[in-house]
Amino acid sequence: MSEAVQDLYNSLIDIGFTQNQIDEMDIVYHLQLLARRKQEKQKEDVVYIDQILG
């Protein structure tokens, strides 16, 4: 098993998923949800011009 998959399993176990739940879930869909959540969070971050120009 690759390191990335092991890291994914460990992070899911850390938030309360069981091994059986992880094995039964649609991992690709889970990753799509995480990507969408990250995009939405980045939209919320407001950057002002004086922050860019320093």
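This is a predicted model: local features need pLDDT of at least 70, side-chain atom pairs count only at pLDDT 80 or more; totals for chains, interfaces and linings use all residues.
# Notebook: H30 and its surroundings

I started with H30. Setting aside neighbours within four places in sequence, H30 is in contact with L8, L12 and M25; by contact I mean heavy atoms within 4.5 Å. Residues are numbered from 1 along each chain as its sequence is written, and side-chain values use heavy atoms, with hydrogens and water left out.

Where does H30 lie? I found H30 in helix 3. For helices I go by DSSP runs (H or I, at least four residues; strands are E, at least two), numbered from the N terminus.

My cut-offs are under 20% relative accessible area for buried, over 50% for exposed, and partly exposed in between, with a 1.4 Å probe and protein chains only.

**Helix 3**

I checked how well helix 3 is covered. Helix 3 is hardly covered, with a count of one buried residue among its 18 residues. I also checked its length. At 1.5 Å a residue the 18 residues of helix 3 should span 26 Å, and the end C-alpha atoms are 26 Å apart, so the two agree. The expected span here is 1.5 Å times one less than the number of residues in the helix.

I27 also has its place in helix 3. I27 counts as partly exposed because its relative accessibility is 23%. Leaving out neighbours within four places in sequence, I27 is in contact with L8, L12 and I22. I27 and L8 are 19 residues apart in sequence, yet 9.3 Å apart in space, C-alpha to C-alpha.

**Helix 1**

L8 kept turning up, and I traced it to helix 1. L8 counts as buried, because its relative accessibility is 17%. Apart from neighbours within four places in sequence, L8 is in contact with I27, H30 and L31. For L8 and L31 I noted 23 residues in sequence and 9.7 Å in space, C-alpha to C-alpha.

Which residues of helix 1 are buried? They are L8, Y9 and L12. These cover an arc of only 95° around the axis, so they sit on the same side of helix 1. That arc is taken from the directions from the helix axis to the C-beta atoms. The buried residues of helix 1 pack against helix 2 (19-24) and helix 3. On the other side of helix 1, E3 and D14 are exposed.

I gave Y9 its own look. Y9 lies in helix 1 and counts as buried because its relative accessibility is 16%. Beyond neighbours within four places in sequence, Y9 is in contact with Q19, I22 and D23. Y9 and Y48 are 39 residues apart in sequence and 38 Å apart in space, C-alpha to C-alpha.

The length of helix 1 (residues 3-14) checks out too: at 1.5 Å a residue its twelve residues should span 16 Å, and its end C-alpha atoms are 16 Å apart. Just after helix 1, I noticed that G16 takes a positive phi of about 115°.

**The salt bridge**

How many salt bridges did I find? The count comes to one, where a salt bridge is a side-chain nitrogen of Lys or Arg within 4 Å of a carboxyl oxygen of Asp or Glu. The side chains of E40 and R36 meet in it at 3.2 Å, N to O. E40 and R36 are four residues apart in helix 3, so about one helical turn separates them. An α-helix has 3.6 residues a turn, so residues three or four places apart point the same way. E40 is partly exposed, with a relative accessible area of 39%, while R36 is exposed at 53%.

**A patch on the surface**

Last, I looked at V47, I49 and I52, which make a nonpolar surface patch of about 340 Å². Patches are made of residues with over 30% relative accessible area and no salt bridge, joining like charges within 9 Å and nonpolar side chains (Val, Leu, Ile, Met, Phe, Trp, Tyr) within 5 Å. The areas come from the Shrake-Rupley method with a 1.4 Å probe, and for residues only the protein chains shown count as cover. V47 is in the loop between helix 3 (27-44) and helix 4 (49-53). V47 counts as exposed because its relative accessibility is 55%.
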